[in-house]
Amino acid sequence: MKEEPIIKEARDKHQLGLFYFCKTVSEDFGKLCGVEMETMVSKNRKREAVAARQLSMYALTNLGINGKYICWFFNRERTSIYYSLRSAKNILDTEEKVLEHTNNIIKKHEQRRV
């Protein structure tokens with residue numbers, strides 16, 4: 001029974017680390033698209049905010065973050081995550097510069113991969 005709070009503390013610390021990891025990756029995409037972090041996680045549907053959100057979700061899945069955690073972080077449904085991943089893949093297939101910047105951000109955070 002005494003080990004349970006220690007396990008809970010370790011779990012909470014791990015969740016906090018995941019949160020800051022997701023936040024730093026998303027902030028990088030926010031800077032790339034010129035969008036504030038609050039705008040990205042809100043229900044805003046402006047083109048820049050949506051693109052930054054979709055690219056962030058794509059990068060986070062490539063970095064090993066669980067889809068359920070991405071849903072919680074961006075306050076979205078499971079199906080919208082799948083749609084965002086498909087849309088981000090379409091963006092990356094058509095835009096060379098965005099693909100280059102996305103790969104640079106993924107490489108930057110690669111050592112913190114989950």
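A residue counts as buried under 20% relative accessible area, as exposed over 50%, and as partly exposed in between. In this predicted model, Lys 108 has a relative accessible area of 48% and is therefore partly exposed, whereas Asp 28, at 13%, is buried.

| Residue | Relative accessible area | Class |
|---|---|---|
| Lys 108 | 48% | partly exposed |
| Asp 28 | 13% | buried |

Helix α6 (residues 96–108) has 13 residues, which at 1.5 Å a residue should span 18 Å, and the distance of 18 Å between its end C-alpha atoms agrees with this. The buried residues of α6 are Thr 102, Ile 105 and Ile 106; seen down the helix axis, they fall within an arc of 100 degrees, so they line one face of α6. On the other side of α6, the exposed residues are Glu 96, Lys 97, Glu 100 and Lys 107.

The largest pocket has a volume of about 180 Å³, and its lining consists of Val 50, Arg 53, Gln 54, Met 57, Arg 76, Glu 77, Ser 80, Tyr 83 and Ser 84. Two or more lining residues come from each of the elements α3 (47–62) and α5 (78–94), with α3 giving the most, 4 residues. By class, the lining of this pocket is made up of 3 nonpolar, 3 polar and 3 charged residues.

Key
Residues are numbered from 1 along each chain as its sequence is written. This is a predicted model: local features need pLDDT of at least 70, side-chain atom pairs count only at pLDDT 80 or more; totals for chains, interfaces and linings use all residues. Side-chain values use heavy atoms; hydrogens and water are left out. The expected span of a helix is 1.5 Å times one less than its number of residues. Buried means under 20% relative accessible area, exposed over 50%, partly exposed in between (1.4 Å probe, protein chains only). The arc is that of the directions from the helix axis to the C-beta atoms. On a 1 Å grid over the protein atoms alone, a cavity is a set of points where a 1.4 Å probe fits but cannot get out, and a pocket is an open set with protein on both sides within 12 Å along at least five of seven lines; lining residues have an atom within 4 Å of a point. Grid points are joined across faces, edges and corners, and a volume is the space filled by probe spheres set on the points. Ala, Val, Leu, Ile, Met, Phe, Trp, Tyr, Cys and Pro count as nonpolar, Asp, Glu, Lys and Arg as charged, and the others, Gly among them, as polar.
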